[in-house]
Amino acid sequence: MSSQDGPRAKGTDGRDFMHRQRVADHYKASVVNKSRLQIINLLHFLIYALWLTRMSPDLLRLIGRKSPASLSVLPRATLWSYAWLVSILPSIFAAVALRKNRALLMKQYIFGMVIFGLLPVMYGAYDLFGDLRGFLSNRDKAVRFYGFPAIVLAYVFLTVATQLHIFGIYCGTQLVSSWAARGVKKTK
């Protein structure tokens with residue numbers, strides 16, 4: 001053994017490093033994308049909690065309860081909002097898949113994020129576009145939530161959710177491909 005500044009090991013000229021094992025690239029990709037997807041999942045849970053709070057007046061009305069006065073100024077929730085709430089299930093699939101490298105659960109996460117994450121958010125952007133155009137033409141009549149225009153807050157949510165879903169789908173596909181590479185011999 002030798003240190004960086006110490007004497008070289010006897011019997012070697014320093015060029016015998018080729019026999020040492022290296023970490024395969026798919027393992028490196030797996031580690032990087034796992035940590036990224038965990039952060040994306042955490043952020044998804046946070047915006048889910050925020051959107052659930054935003055939808056709480058409508059959800060409370062469904063079960064016959066009165067909503068808080070501060071949240072009752074918000075517009076009624078639409079169908080795409082309820083569909084987006086289901087997107088928490090694919091995030092749970094991803095959290096379980098990350099623990100044991102389960103490719104099938106990760107594929108279900110990807111499929112679920114497209115169906116229950118991206119599609120409702122894209123439809124929501126289309127659905128709210130008329131309100132955004134109305135806000136841009138007449139800012140005085142906008143519904144405000146704590147001084148901020150509610151439509152602008154909705155579009156901030158839609159933008160953040162779209163980015164999280166796209167990055168999550170990207171990391172998920174990278175993980176599926178790196179997990180599929182396990183056991184495949186590299187040809188020279």
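From the N terminus on, the elements of the chain follow the order α-α-α-α-β-β-α, that is, five helices and two strands. Here helices (H or I, at least four residues) and strands (E, at least two) are DSSP runs, numbered from the N terminus. The model is a predicted one, in which local features need pLDDT of at least 70 and side-chain atom pairs count only at pLDDT 80 or more, while totals for chains, interfaces and linings use all residues. Residues are numbered from 1 along each chain as its sequence is written, and side-chain values use heavy atoms, with hydrogens and water left out.

Of the 188 residues in the chain, 35% are buried (under 20% relative accessible area, with exposed over 50% and partly exposed in between; 1.4 Å probe, protein chains only). The accessible surface of the chain comes to about 12900 Å², and 63% of that surface belongs to carbon and sulfur atoms. Among contacts (heavy atoms within 4.5 Å) with a separation of 6 or more, 73% link residues 24 or more positions apart.

Two packed helices are described by the angle between their axes and the distance between the axes. Axes are lines fitted to C-alpha atoms, for helices over the stretch in contact, and angles run from 0 to 180 degrees between N-to-C directions. Helix H1 (residues 25-62) and helix H5 (residues 150-180) have axes that come within 9 Å and cross at roughly 150°. That makes H1 roughly antiparallel to H5 (angles over 145 degrees). On the H1 side the contact includes Ala29, Leu37, Ile40 and Trp51, and on the H5 side it includes Val160, Leu164, Cys171 and Ser178. The residues of this contact divide into 14 nonpolar (Ala, Val, Leu, Ile, Met, Phe, Trp, Tyr, Cys and Pro), two charged (Asp, Glu, Lys and Arg) and eight polar (the others, Gly among them).

Ala29 and Ser178 are 149 residues apart in sequence, yet 6.6 Å apart in space, C-alpha to C-alpha.

H1 also packs with helix H3 (residues 88-100), at an angle of about 150° and with the axes 10 Å apart. H1 and H3 are therefore roughly antiparallel to each other, and their crossing is left-handed.

Methods
Angles under 35 degrees count as roughly parallel, over 145 as roughly antiparallel, 65 to 115 as roughly perpendicular and the rest as oblique. Accessible areas come from the Shrake-Rupley method with a 1.4 Å probe; for residues, only the protein chains shown count as cover. A crossing is left-handed if the near helix is turned anticlockwise from the far one by less than a right angle, and right-handed if clockwise.
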